Amino acid sequence: MSKLKKKRSFKIIDVMLILILIIGLTVAGVYGFYYGKDYLSHKQARDEYEQIKNEYTTVTDITTTKVAPDETVALFPEKDIDWYGLKTINKDYIGWLYFSFEGNSEEYSFTLDYPIVYETYKNQYLRTTFEGNSNSAGTIFMDMSSNPSFYGYNDIIYGHHMRDDSMFGALELIHEMDDLDYIKEHPQYLYIYTKTACHKYMLVAYEQTTSAAKSYGVAHENETYDQLKDNIKSMETYIKSDIYTWRGRPEILNLSTCDGPSGTNQRFALHFVKINAYTYDQNATQIDSESDLQ
């Protein structure tokens, strides 16, 4: 090969390498820009919810009640929540969610501690925070087909699967832990604090599924409720326990989050059954239905 041809070959290779370098730097720059933008956006959302929690809620103690002359039993974590203050910030506020999952190690333990809103139109809070700010973190919200009084048949609460484990991002740890025997031996409880009562639920199943699954069905009467109940009881992760009962058709509460690439219909869902609801009076009176609050 002549020296001229060699020089031309080297020049072509050099140009190609430079082009590859430029493309690589451009891609890295664009990725870095959007990653940094997402990081700042998510941090703003975390800071907002942390400030709301600190200003409008206080964990005080464990409410107890006597079940025998010398015996007491813990009912629910007592939280002092400024209902009217939160309602002033957002008129769609319906309650506060508290779920402290105790995994088989610290690695798989987490706590959800957020206000809940009720959407009045589809996807209203998908990218809007509790204070009304535009943010991809959105808000923890109840589906508009559910019952905002928490006395429905099959109520669904949604939250984004955030990469920083905020909102409902930490729920995947339950699947990653993959220890159903542990969960059966250590019941996991979720609490919803409304204006007048604390609603206590027990985790009874979880699943990787899609948004078209039976679990997302709407039940407003006994027949469809029983179908949803039977669907839960058929799951491999179903947790049978003497702690709760299906008698009286207690509310089924579902937490749902994405479980795949953005835009797909892949979901991860947790299914809870209501155990009790308690008023906030000194004796933490048990209530059985919404009518008992009237």
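Residues are numbered from 1 along each chain as its sequence is written. In this predicted model, local features need pLDDT of at least 70 and side-chain atom pairs count only at pLDDT 80 or more, while totals for chains, interfaces and linings use all residues, and side-chain values use heavy atoms, with hydrogens and water left out.

Let's start with the rings. Searching the whole structure turns up 14 aromatic pairs. Here, rings of Phe, Tyr and Trp (its six-membered ring) pair if their centres lie within 6.5 Å; planes under 30 degrees apart are stacked, over 60 edge-to-face, and the rest tilted. F99 and F101 make an edge-to-face pair, 6.1 Å centre to centre with 65 degrees between the planes. F99 is buried at 0% relative accessible area, and F101 is buried at 1% (buried means under 20%, exposed over 50%, partly exposed in between, with a 1.4 Å probe and protein chains only). Together with F110 and F272, F99 and F101 form one aromatic cluster.

| Lysine | Ring | Distance from ring centre |
|---|---|---|
| K200 | Y189 | 4.5 Å |
| K274 | Y151 | 4.0 Å |

Now for the lining of the largest pocket. By class, this lining has 8 nonpolar, 13 polar and 7 charged residues (Ala, Val, Leu, Ile, Met, Phe, Trp, Tyr, Cys and Pro count as nonpolar, Asp, Glu, Lys and Arg as charged, and the others, Gly among them, as polar).

Note on methods
Lys NZ or Arg CZ within 6 Å of the ring centre and 35° of its normal.
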